[in-house]
Amino acid sequence: MPTVTFITPSGASRTIQAKVGNSLMETARDHGVDGIVAECGGACACSTCHVFLEPEWRDKVPPVAELEADLLEFTSEPATEYSRLSCQIRITDALEGLTVRISSRQK
């Protein structure tokens, strides 16, 4: 199982093993990672699982789809070029070592 690291707004990090096929949001939720609210349960219908990819990961995950891009316009913390909704990133073996920063505010 690949490992992923979540960094909180305060700078604390938590590295966990992620199940291939699950979303990054499901991984956070299943491991009790604070800061990922995920109100819609992963349906890409809210923006409460907003994370920021570390720069080196930006081109290693699938690109942002139109629906996700639309929702990123409504995040509580302003979106950047590294913003993603964690429900839209599926864990694969290629994401071993993925590191994301959790948004300081979730809508």
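**Close-up views of a predicted model**

**View 1. Salt bridge between arginine 90 and glutamate 26.** Arginine 90 and glutamate 26 form a salt bridge, with their closest N and O atoms 3.2 Å apart. Here a salt bridge denotes a side-chain nitrogen of Lys or Arg within 4 Å of a carboxyl oxygen of Asp or Glu. Arginine 90 belongs to the loop between strand E4 (83–85) and strand E5 (98–102), and glutamate 26 to helix H1 (residues 24–30), so the contact ties together parts that are 64 residues apart in sequence. Helices (H or I, at least four residues) and strands (E, at least two) are DSSP runs, numbered from the N terminus. Arginine 90 is partly exposed, at a relative accessible area of 43%, and glutamate 26 is likewise partly exposed, at 21%. The classes are buried for under 20% relative accessible area, exposed for over 50%, and partly exposed in between, computed with a 1.4 Å probe on protein chains only. The model is predicted: local features need pLDDT of at least 70 and side-chain atom pairs count only at pLDDT 80 or more, while totals for chains, interfaces and linings use all residues. Residues are numbered from 1 along each chain as its sequence is written, and side-chain values use heavy atoms, with hydrogens and water left out.

**View 2. Salt bridge between arginine 101 and glutamate 54.** Five salt bridges are found in a search of the whole structure. One of them joins arginine 101 to glutamate 54, the closest N and O atoms being 2.8 Å apart. Arginine 101 is in strand E5 and glutamate 54 in the loop between strand E3 (50–53) and helix H2 (66–72), so this pair ties together parts that are 47 residues apart in sequence. Arginine 101 is partly exposed, with a relative accessible area of 37%, whereas glutamate 54 counts as buried at 16%.

**View 3. Salt bridge between glutamate 68 and arginine 84.** The side chains of glutamate 68 and arginine 84 meet in a salt bridge, at 2.8 Å from N to O. The pair links distant parts of the chain, with glutamate 68 in helix H2 and arginine 84 in strand E4, 16 residues apart. Both glutamate 68 and arginine 84 are buried.

**View 4. Strand E3 and its pairing with E4 and E5.** E3 pairs with E4 in the antiparallel sense over three bridges, and three bridges also join E3 to E5, again antiparallel. Two strands count as paired if DSSP finds at least two bridges between them. Valine 51 stands opposite arginine 84 in E4, and phenylalanine 52 stands opposite arginine 101 in E5. His50 and Phe52 point one way from E3, Val51 and Leu53 point the other way, and all are buried. In a regular strand the side chains alternate between the two faces of the sheet.

**View 5. Phenylalanine 6 and the largest nonpolar core.** The largest nonpolar core has 26 residues, and those with the most contacts inside it are Val4, Phe6, Leu24, Ile36 and Leu98. Such a core is a set of buried Ala, Val, Leu, Ile, Met, Phe, Trp, Tyr and Cys residues joined through side-chain atoms within 4.5 Å. Strand E1 (3–7), H1, E3, H2 and E5 each supply at least two residues of this core. Phenylalanine 6 lies in strand E1 and is buried, at 1% relative accessibility. Leaving out residues up to four places away in sequence, phenylalanine 6 touches residues including Leu24, Ala28, Val33, Val100 and Ile102; contact means heavy atoms within 4.5 Å. The C-alpha atoms of phenylalanine 6 and alanine 28 are separated by 8.2 Å, although the two residues are 22 residues apart along the chain. With the same exclusion of residues up to four places away, isoleucine 36 touches, among others, Met25, Ala28, Val51 and Ile102.

View 6. Serine 23 is placed in the loop between strand E2 (13–17) and H1 and counts as buried at 1% relative accessibility. Apart from neighbours within four places in sequence, serine 23 is in contact with Ser86, Cys87, Ile89, Arg90 and Ile91.

**View 7. Charged side chains over aromatic rings.** Arginine 58 lies over the face of tyrosine 82, at 5.9 Å from the ring centre. The charged end of lysine 60 sits over the ring of tryptophan 57, 5.0 Å from its centre. A charge sits over a ring if NZ of Lys or CZ of Arg is within 6 Å of the ring centre and within 35 degrees of the ring normal.
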